[in-house]
Every structure is written in C-alpha cells, then in structure tokens.
Amino acid sequence: MERKIQQRTIESRKKLLDAAYHLFAEKGYDETSLQDIIDITNLSKGAIYHHFSSKEEIFLRVCDRVGQESERVLRKIVSREDLSGVEKLKEIFRVSLLCPSQKRIMDIVPYLLDNPKFLSIEIQSVFNEVAPLYIKPILEQGIKDGSIKTEHPNELAEALLILA
C-alpha cells in the first residue's frame, strides 16, 4: 500500500513538473498561474500545495530538473578517456547546440532574464557548480595534455560559460 502511495506521489510530481515546464516555456513564469497548472494536470490546488509550497518552488524544481539532465551529459563528456581536453571542450559546445536538455534550458532562459532572483540563482549555479565541476577539470586536463594553454583555468572556465 505504501509503495502505491509513493508511486502516485512520484507520478503526480512528474505530471506537475512536466506541465509547469511546458507552461513556463510557452508563456513565461509571470504569465503562468497556478490555475493554468491545475487546468492542465487536473490536480487540485491542495494536491499541488502538497508537493510544492509555491509557483516559485515549482519553477525552481523545473530548473533543477533541466539542470540535472545537462549535468548527466556533461559528466559523460568529462569522463571520456578517448578525448583530449580541447576535444572535450569542443564536444561540450557541440552537444550544447544539439542536446534536447539544452533546448529545454533555452526555452526557459528568456524568462530567467526577466526575473533577477531566478537569474541570480542560475548565475550562481554556473559559477559554483558547472565551471568548477565540469569545465575547469577539462581545462586542467587540456593544460596537462598540451591541447589548452592558459595560466588561469578558473577564470577561463567562468568566462567560457558566460560567453556561451
């Protein structure tokens, strides 16, 4: 019985986040209401508040979910042993243009720009997670294997992500 409840909870959260993602991508954060999410999911307001405390929390979870998809792709590239540092960097940029998770990020990015709080959270994520955990190790590998020349891998990692 408890397993069934847990499964329904997982399914409800997924349904909610899927619907919210589509609404945020289509209408933007400010133009999407909780009622819009209720209408698409056929869940009650109480059910939504059971899972999330606010529309803001839903948006943040949608962003987290999209970010996790991107991190899986980045981890695969970073762990490849058949590529030099510069080849990994090129692969990250290539995948960024073609990967479905990147498309999802680009769908919601314009709405991040409209909201300083969300934009700040995303920028912090880039500087605190993506640059040091994914880009910097690639740069350091490139320095060791001679395919990248820089004396400042931290700064270059941040600059590459800002420019991208």
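Where is the place of N42? N42 sits in the loop between helix 2 and helix 3 (45-51), and the sections below set this residue in the context of the whole model.

## Basis of the description

The model is predicted, so that local features need pLDDT of at least 70 and side-chain atom pairs count only at pLDDT 80 or more, whereas totals for chains, interfaces and linings use all residues. Residues are numbered from 1 along each chain as its sequence is written, and side-chain values use heavy atoms, with hydrogens and water left out.

## Overall architecture

The protein contains 8 helices and 0 strands, where helices (H or I, at least four residues) and strands (E, at least two) are DSSP runs numbered from the N terminus. Along the sequence the pattern reads α-α-α-α-α-α-α-α.

Of the 164 residues, 35% count as buried; buried means under 20% relative accessible area, exposed over 50%, and partly exposed in between, with a 1.4 Å probe and protein chains only. The protein exposes about 10200 Å², of which carbon and sulfur atoms supply 55%, the accessible areas coming from the Shrake-Rupley method with a 1.4 Å probe and, for residues, only the protein chains shown counting as cover. Among contacts in the protein with a separation of 6 or more, residues 24 or more positions apart account for 65%, a contact meaning heavy atoms within 4.5 Å.

## Helix 1 against helix 2

Two packed helices are described by the angle between their axes and the distance between the axes. The axes of helix 1 (residues 2-27) and helix 2 (residues 34-41) come within 9 Å and cross at roughly 125°; axes are lines fitted to C-alpha atoms, for helices over the stretch in contact, and angles run from 0 to 180 degrees between N-to-C directions. That angle makes helix 1 oblique to helix 2, given that angles under 35 degrees count as roughly parallel, over 145 as roughly antiparallel, 65 to 115 as roughly perpendicular and the rest as oblique. Helix 1 passes helix 2 in a right-handed crossing, a crossing being left-handed if the near helix is turned anticlockwise from the far one by less than a right angle, and right-handed if clockwise.

Helix 1 contributes K15, L16, A19, A20, L23 and K27 to the contact, and helix 2 contributes D36, I37, I40 and T41. These residues divide into 6 nonpolar, 1 polar and 3 charged, where Ala, Val, Leu, Ile, Met, Phe, Trp, Tyr, Cys and Pro count as nonpolar, Asp, Glu, Lys and Arg as charged, and the others, Gly among them, as polar.

T41 has its place in helix 2 and, at 1% relative accessibility, counts as buried. Not counting residues up to four places away in sequence, T41 touches K15, L16 and A19.

N42, by contrast, is exposed, with a relative accessible area of 67%. Most residues other than glycine have a negative phi. N42 has a positive phi of about 60° although it is not a glycine.

## Helix 4 against helix 5

The axes of helix 4 (residues 55-79) and helix 5 (residues 85-98) come within 9 Å and cross at roughly 155°, and the two helices are therefore roughly antiparallel to each other. Helix 4 passes helix 5 in a right-handed crossing. The contact involves V73, L74, I77 and V78 of helix 4 together with K88, E91, I92 and V95 of helix 5, and its residues divide into 6 nonpolar, no polar and 2 charged.

## Helix 7 and its partners

The axes of helix 7 and helix 8 (residues 153-163) come within 8 Å and cross at roughly 120°, which means that helix 7 and helix 8 are oblique to each other. Their crossing is right-handed. Among the residues that make the contact are V126, F127, V130 and A131 of helix 7 and L156, A157, L160 and L161 of helix 8; by class, the contact has 13 nonpolar, 1 polar and 3 charged residues.

F118 lies in helix 7 and counts as buried at 3% relative accessibility. F118 and F59 are 59 residues apart in sequence and 9.0 Å apart in space, C-alpha to C-alpha. E129 lies in helix 7 (residues 116-145) and, at 35% relative accessibility, counts as partly exposed. E129 and E71 are 58 residues apart in sequence and 9.6 Å apart in space, C-alpha to C-alpha. Leaving aside neighbours within four places in sequence, E129 is in contact with E71, Q124 and Y134.
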